[in-house]
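Good morning. I have one structure to go through today, and I will keep to a few points. Please have a look at it first.

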Amino acid sequence: YQSGFTISWKEGTDPLQFTLSNLRNQFARFPKHLKPALLEYVSKREDFPKKARLEFYIDVMKNAQSLLVVEYAGRYFNRDTEQKYKPIAVDAILEWWEQNKNSIQ
């Protein structure tokens, strides 16, 4: 498990101007090896509501084609929810999410 990723944004791009919706779209187009970096970037954007970040991780875990990407989404989900699931225990995480999502702001 690594952290401290950097993303080389296109010159003139201010990533702080991206909404979470923009970043979701970017994520779909990002090369697989850079997706953990974008997940980390989203995890650090405290201007996004916690629930929105968690929904992003959930979507990634449901749809990612890479186990590594699923693992990173699971790690950030666990960190933000203070859970201790194995990061790739997607079924358990999804079950927790369904039971608790309405209580998260």
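I will start with the core and then turn to one helix in it.

This is a predicted model. Its largest nonpolar core has 31 residues. Those with the most contacts inside that core are Leu39, Phe56, Tyr57, Met61 and Phe77. The elements that give two or more residues to the core are α1, α2, α3, α4 and α5. Which of them gives the largest share? That is α3, with seven residues.

So much for the core; now the helix. α3 runs over 50–63. With its 14 residues, α3 reaches 20 Å from the first C-alpha to the last, close to the 20 Å expected at 1.5 Å a residue. Its buried residues are Ala52, Arg53, Leu54, Phe56, Tyr57, Ile58, Val60 and Met61. Note that Arg53 is on that list of buried residues. What do the buried residues of α3 pack against? They pack against α1, α2, α4 and α5.

Take Phe56 as an example. Leaving aside neighbours within four places in sequence, Phe56 is in contact with Leu20, Arg24, Phe27, Leu39 and Val42.

Last, the pair α3 and α4. Their axes come within 8 Å and cross at roughly 155 degrees. An angle over 145 degrees counts as roughly antiparallel, so α3 is roughly antiparallel to α4. The crossing of these two helices, α3 and α4, is left-handed. On the α3 side, the residues that meet α4 include Leu54, Tyr57 and Met61. On the α4 side, Val70, Ala73 and Phe77 are among those that meet α3.

That is the end of my part.

Technical notes: Residues numbered from 1 in each chain as written. Predicted model: local features only at pLDDT ≥ 70, side-chain atom pairs only at ≥ 80, totals over all residues. Heavy atoms only, no water. Core = buried A, V, L, I, M, F, W, Y, C linked by side-chain atoms within 4.5 Å. Buried < 20%, exposed > 50% of the residue type's maximum accessible area, 1.4 Å probe, protein only. Helix = DSSP H or I, 4+ residues; strand = E, 2+ residues; numbered from the N terminus. Contact = heavy atoms within 4.5 Å. Expected span 1.5 Å × (residues − 1). Axes fitted to C-alpha atoms, helices over the stretch in contact; angles between N-to-C directions. Parallel < 35°, antiparallel > 145°, perpendicular 65-115°, else oblique. Left-handed = near helix turned anticlockwise from the far one by under 90°.
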